[in-house]
Amino acid sequence: MIAIYPGSFDPITLGHLDIIERGCQLFDQVIVVVFRNPNKKPLFTLQQRTEQIRRSTQHLTNVEVDCFDGLTVTYARMRQAKVLLRGLRAVSDFEMELQMAHTNKTLSDDIETVFLATSTEHSFLSSSLVKEIARFGGSVHHLVPQPVALDIHKCYAKTPVGENPTPMVDLKTEPFMERQIE
Ligand code: ADP
C-alpha cells in the first residue's frame with residue numbers, strides 16, 4: 001500500500017523524519033510530497049525543500065520525494081495512493097488535522113487519513129520553531145537532519161541576528177513562489 005505524506009516541510013525536522021521512518025515500516029511505499037501552502041510564506045523554495053528531504057531520507061529504501069502545487073487528493077489519485085499520512089503533536093494540531101481529514105474525505109471517499117502520534121522527544125518540534133531559533137543565532141543541529149542544519153546555517157549566516165533572511169527563490173523553476181517571508 002502506498003502512503004502520501006504531504007506537508008510544507010519548511011524545513012524538514014527530526015519530527016517529520018520520525019513520521020517518515022515509522023511510516024516506512026507500515027506501508028510498502030511512502031511518498032513525501034512538498035506542497036505549496038498559500039497561507040505560509042516559505043523560507044526555502046519547493047525545489048530546495050524537496051532536495052533537503054531527499055538528502056535526509058537516503059537511508060530509507062521505500063521513500064520517494066516529490067513536490068506538487070494542487071490538492072493533496074489530486075496528487076494521491078494520480079499516484080493511486082489510498083492513504084494520507086499525517087503527524088499529530090498535541091491537541092492544538094488535532095482540530096485542524098481533523099478538519100482537513102474530513103474535507104479530504106468529502107473530496108475523495110476512497111482515500112483515508114492515517115495519523116501517527118509524535119514521538120515524545122519531538123512533540124514540541126516544528127519548522128517555525130527551528131526558524132525562530134536560527135533567526136536569533138541559536139544552534140538547530142539537534143532539531144533537523146544534518147544536511148538541513150547546514151542549509152539553515154548558510155541561510156542565516158549573512159542575516160543580522162533577529163531578522164529574517166531573504167528566501168532563495170528561483171523564479172524560473174518556481175514562478176508561483178512568494179518573494180518575502182513573514
Ligand atoms: P503543513 O503545512 O501541511 O501543516 P508541516 O510541514 O507543518 O506541513 O507538517 C506536515 C505534517 O507533519 C503535519 O501532519 C504535522 O502535524 C506533522 N508534524 C510536524 N512536526 C511534527 C513533529 N514534531 N512530530 C510529528 N509530526 C509532526
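**Ligand shell, core and helix packing in a predicted model**

Helix α1 (14-26) and strand β4 (83-88) each supply at least two residues of the shell around the ligand. Helices (H or I, at least four residues) and strands (E, at least two) are DSSP runs, numbered from the N terminus. The structure is a predicted model, in which local features need pLDDT of at least 70, side-chain atom pairs count only at pLDDT 80 or more, and totals for chains, interfaces and linings use all residues. Residue numbers start from 1 along each chain as its sequence is written.

The ligand is surrounded by 17 residues, and the closest are G7, G15, R86, G87 and T118. By class, the shell comprises three nonpolar, 11 polar and three charged residues. In this scheme Ala, Val, Leu, Ile, Met, Phe, Trp, Tyr, Cys and Pro count as nonpolar, Asp, Glu, Lys and Arg as charged, and the others, Gly among them, as polar.

The protein contains six helices and five strands. Along the sequence these follow the pattern β-α-β-α-β-α-β-α-β-α-α. The radius of gyration is 16 Å, close to the 16 Å that the globule rule gives for 182 residues, so the protein is as compact as a globular protein of that length. This radius is taken over C-alpha atoms, and the globule rule is 2.2 Å times the number of residues to the power 0.38. Taken along the principal axes, the C-alpha atoms fill a box of roughly 50 × 35 × 35 Å. Among contacts between residues at least 6 apart in sequence, 77% join residues at least 24 apart; two residues are in contact if their C-beta atoms, placed from the backbone, lie within 7 Å.

Of the 182 residues, 31% count as buried. A residue is buried if 20 or more other C-beta atoms lie within 10 Å of its own, exposed if 12 or fewer, and partly exposed in between, with C-beta atoms placed from the backbone. The largest nonpolar core has 36 residues, of which I4, Y5, V30 and V32 touch the most other members. Strand β2 gives the most to this core, with five residues. Such a core is a set of buried Ala, Val, Leu, Ile, Met, Phe, Trp, Tyr and Cys residues joined through C-beta atoms within 7 Å. Apart from residues up to four places away in sequence, V32 touches Y5, I20, I53, V63 and V65.

V33 is found in strand β2 (residues 29-35). This residue counts as buried because it has 23 C-beta neighbours inside 10 Å. Leaving aside neighbours within four places in sequence, V33 is in contact with I4, Y5, P6, D66, C67, F68 and Y75. The C-alpha atoms of V33 and T74 are separated by 12 Å, the two residues being 41 apart along the chain.

The loop between β1 (2-7) and α1 contains P11 and F9. A cis peptide bond, with omega about 0°, joins D10 and P11. F9, a residue other than glycine, has a positive phi near 50°. F9 is buried because 25 other C-beta atoms lie within 10 Å. Positive phi is also found for Q80, at about 55°, although Q80 is not a glycine. Q80 is located in the loop between α3 (72-78) and β4, and counts as exposed because it has 7 C-beta neighbours inside 10 Å.

Two packed helices are described by the angle between their axes and the distance between the axes. The axes of α2 (residues 46-56) and α6 come within 8 Å and cross at roughly 145°. The contact is made by Q52, R55 and S56 of α2 and by P147, V148 and D151 of α6. These residues divide into two nonpolar, two polar and two charged. Axes are lines fitted to C-alpha atoms, for helices over the stretch in contact, and angles run from 0 to 180 degrees between N-to-C directions.

P165 lies in the segment after α6 (146-157). With 18 C-beta neighbours inside 10 Å, P165 counts as partly exposed. Not counting residues up to four places away in sequence, P165 touches C155, Y156 and T159. P165 and C155 are 10 residues apart in sequence, and their C-alpha atoms are 6.7 Å apart.

Technical notes:
A residue is near a molecule or strand if its C-beta atom, placed from the backbone, lies within 6 Å of it.
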